Amino acid sequence: MDVETSDGAPARILHPVSLTITEPVVAIIGANGSGKSTLLRLMAGLVQPTSGSVTFSPQAPRTGFVFANPQAQTVMPVVGEDIAFSLKQAGVPRAQRTQQAAEILAGVQLEHRLDSSVYELSSGERQKVALAGVLAAKPQLVLADEPTTLLDLRSAADFQARLLGLGVPLVVATHDLDFAAQAQRVLVFDHGQLVADDEPPAAISHYRRLALA
Ligand SMILES: Nc1ncnc2c1ncn2[C@@H]1O[C@H](COP(=O)(O)OP(=O)(O)OP(=O)(O)O)[C@@H](O)[C@H]1O
């Protein structure tokens with residue numbers, strides 16, 4: 001993946017990488033700026049590769065993308081409306097949306113916020129609403145970019161369990177190595193290169209050696 005920098009010079013932000021992903025949960029770890037988000041954005045089709053392609057078999061799934069910044073995620077001004085919008089995208093009939101939105105919000109302990117403005121939520125609350133909205137759209141693949149960064153310990157653990165228990169494939173970029181340890185496969189990126197692709201213990205050890213050398 002090449003980009004043009006602000007002074008017009010070409011820069012390679014992700015070196016050529018060939019991956020076939022079949023595991024239910026794959027974690028991507030690596031230092032800030034190592035290319036994790038870029039890989040996720042390529043997988044989501046949010047950016048196009050300079051060369052090569054991303055393919056899905058048997059067909060492209062309905063993909064939910066969880067951004068690190070929930071402000072990029074919530075699209076409606078009122079919490080319940082935001083969840084209802086996702087439910088609409090998932091084909092849930094209008095008559096059922098309010099009830100389902102309330103149930104989904106209860107799942108993230110925010111049922112009392114159904115009629116609140118998203119602008120009056122704390123960052124963590126807004127991240128929960130954003131995550132709930134993605135799950136409400138019943139994705140067949142979830143790509144998550146540091147989805148629990150803003151959450152407290154308990155909320156992060158709850159949400160990680162929820163993501164892992166969804167029963168749909170998950171690819172997650174994370175700095176939380178305990179979370180990464182719960183994947184079946186861990187990819188380690190360093191300066192835009194895939195430097196390890198292994199089961200969690202080996203990949204995480206590799207990253208620790210790299211980061212703390
Ligand atoms: N559109 C772009 N134009 C120029 N540079 C970019 C662009 N997108 C990403 N980069 C650069 O590519 C590198 C990789 O960015 P990326 O967001 O993939 O890193 P990351 O591993 O997700 O980092 P973090 O852990 O900080 O979120 C960074 O140096 C970033 O500044």
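Val-79, Asp-82, Ile-83, Ser-86 and Leu-87 of helix 2 meet Val-129, Ala-132, Gly-133 and Ala-136 of helix 4; contact here means heavy atoms within 4.5 Å. Helices are DSSP runs (H or I, at least four residues), strands are E runs of at least two, and both are numbered from the N terminus.

Before you start: this is a predicted model, where local features need pLDDT of at least 70, side-chain atom pairs count only at pLDDT 80 or more, and totals for chains, interfaces and linings use all residues. Residues are numbered from 1 along each chain as its sequence is written, and side-chain values use heavy atoms, with hydrogens and water left out.

**Exercise 1.** Work out which residue classes make up the contact of helix 2 with helix 4.

*Solution.* Start with the classes: Ala, Val, Leu, Ile, Met, Phe, Trp, Tyr, Cys and Pro are nonpolar, Asp, Glu, Lys and Arg are charged, and the others, Gly among them, are polar. Now sort the residues, and you get six nonpolar, two polar and one charged.

**Exercise 2.** Is Ala-183 buried or exposed?

*Solution.* First, find Ala-183 in the loop between helix 6 (177–180) and strand 7 (185–190). Next, get the cut-offs: buried is under 20% relative accessible area, exposed is over 50%, and partly exposed is in between (1.4 Å probe, protein chains only). Ala-183 has 9% relative accessibility, so it counts as buried. Then look at what it touches: leaving aside neighbours within four places in sequence, Ala-183 contacts Val-25, Val-26, Ala-27 and Pro-200. Val-26 is 157 residues away along the chain, yet the two C-alpha atoms are 5.3 Å apart.

**Exercise 3.** Find out how helix 1 (residues 36–44) is enclosed.

*Solution.* Count first: seven of its nine residues are buried, so helix 1 is largely enclosed by the rest of the structure. Those are Lys-36, Ser-37, Thr-38, Leu-39, Leu-40, Leu-42 and Met-43. Now look for the cover, which includes strand 3 (25–30), strand 4 (63–66), strand 5 (141–145), strand 6 (170–173) and strand 7. Just past the helix, Gly-45 has a positive phi of about 75°.

**Exercise 4.** Describe the one aromatic pair in the structure.

*Solution.* Rings of Phe, Tyr and Trp (its six-membered ring) pair if their centres lie within 6.5 Å; planes under 30 degrees apart are stacked, over 60 edge-to-face, and the rest tilted. Phe-65 and Phe-67 are 4.5 Å centre to centre with 45° between the planes, a tilted pair. Lastly, Phe-65 is buried at 10% relative accessible area, while Phe-67 is partly exposed at 29%.
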